[in-house]
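My notes follow in the order I made them.

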Amino acid sequence: NAYERLNDVENAIASYNKLLLIEKIDPMDRYKAAAKTNLKHLWSIVDPQLEPLRKKIMLNPSDTDSLFQLAMALDKQGRYEESLTDYRKIELSGKGSWQLFYNIANVLKKLGKYQDAATSYEKSLALKPDYSDTQNNLGLIYRKLGKYPEAINAFEQAMALDEDYAFAPFNLGVTYFRM
């Protein structure tokens, strides 16, 4: 609300989206309901900024770079289903990259589609096996799915790739605690 009052639309949207991703907030979900309402209002403010990209894509549907930019903008706004649709169009075009699969996985994670997110993280790792953040995120997904040995392996892989990557040892510890 403070960001919104300061006309800092970008940070307001980011904060509302973070609130919506919290699994348990209050039993009545009144904060989430207010955040959803406020987000819709903010989206109407930022929508005109997306129009040039949308027009560019309409004129050239094979412009996957513009489609990727649009998908990332929608993801950043918390419009995950729309973002996923655009990411999937790029995937269907055959222009899959590790970044594409990584972004798809992140959106699927936000949507609570954990098995599909794991598959997309695995596709990303097949194309770029040395990215510790992907390994860590895959570990988080495996932990959500109750696949603790796979989660442990993913966190250990992330630590092996980057000894300074602090999230992986923390997440490894949380995984052992939950087991």
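I call a residue buried under 20% relative accessible area, exposed over 50%, and partly exposed in between. The model is a predicted one.

Entry one, Lys147. I looked up its accessibility and found a relative accessible area of 29%, so Lys147 is partly exposed. I placed Lys147 in the loop between α8 and α9 (148-161). Setting aside residues up to four places away in sequence, I found that Lys147 touches Gln115 and Tyr142. With Gln115 there is also a polar contact of 3.5 Å between the side chains. I then checked Lys147 against Lys32, which lies 115 residues away along the chain, and their C-alpha atoms are 30 Å apart.

Entry two, Asn137. I located Asn137 in helix α8. Its relative accessibility is 7%, so I count Asn137 as buried. Beyond its neighbours within four places in sequence, I noted contacts from Asn137 to Tyr102, Asn106, Lys109 and Tyr121.

I listed its lining as Leu21, Glu23, Lys109, Lys110, Gly112, Tyr114, Leu140, Arg143, Lys144 and Arg178. Which helices each supply at least two residues of that lining? I found α6 (98-110) and α8 (132-144). The largest share, three residues, comes from α8. I sorted the lining by type and got six charged, three nonpolar and one polar.

Definitions and conventions
Residues are numbered from 1 along each chain as its sequence is written. This is a predicted model: local features need pLDDT of at least 70, side-chain atom pairs count only at pLDDT 80 or more; totals for chains, interfaces and linings use all residues. Side-chain values use heavy atoms; hydrogens and water are left out. On a 1 Å grid over the protein atoms alone, a cavity is a set of points where a 1.4 Å probe fits but cannot get out, and a pocket is an open set with protein on both sides within 12 Å along at least five of seven lines; lining residues have an atom within 4 Å of a point. Helices (H or I, at least four residues) and strands (E, at least two) are DSSP runs, numbered from the N terminus. Ala, Val, Leu, Ile, Met, Phe, Trp, Tyr, Cys and Pro count as nonpolar, Asp, Glu, Lys and Arg as charged, and the others, Gly among them, as polar. Buried means under 20% relative accessible area, exposed over 50%, partly exposed in between (1.4 Å probe, protein chains only). Contact means heavy atoms within 4.5 Å. A polar contact is a pair of N or O atoms within 3.5 Å; within protein, one must be able to donate a hydrogen and the other to accept it, and residues adjacent in sequence count only if both atoms are side-chain atoms.
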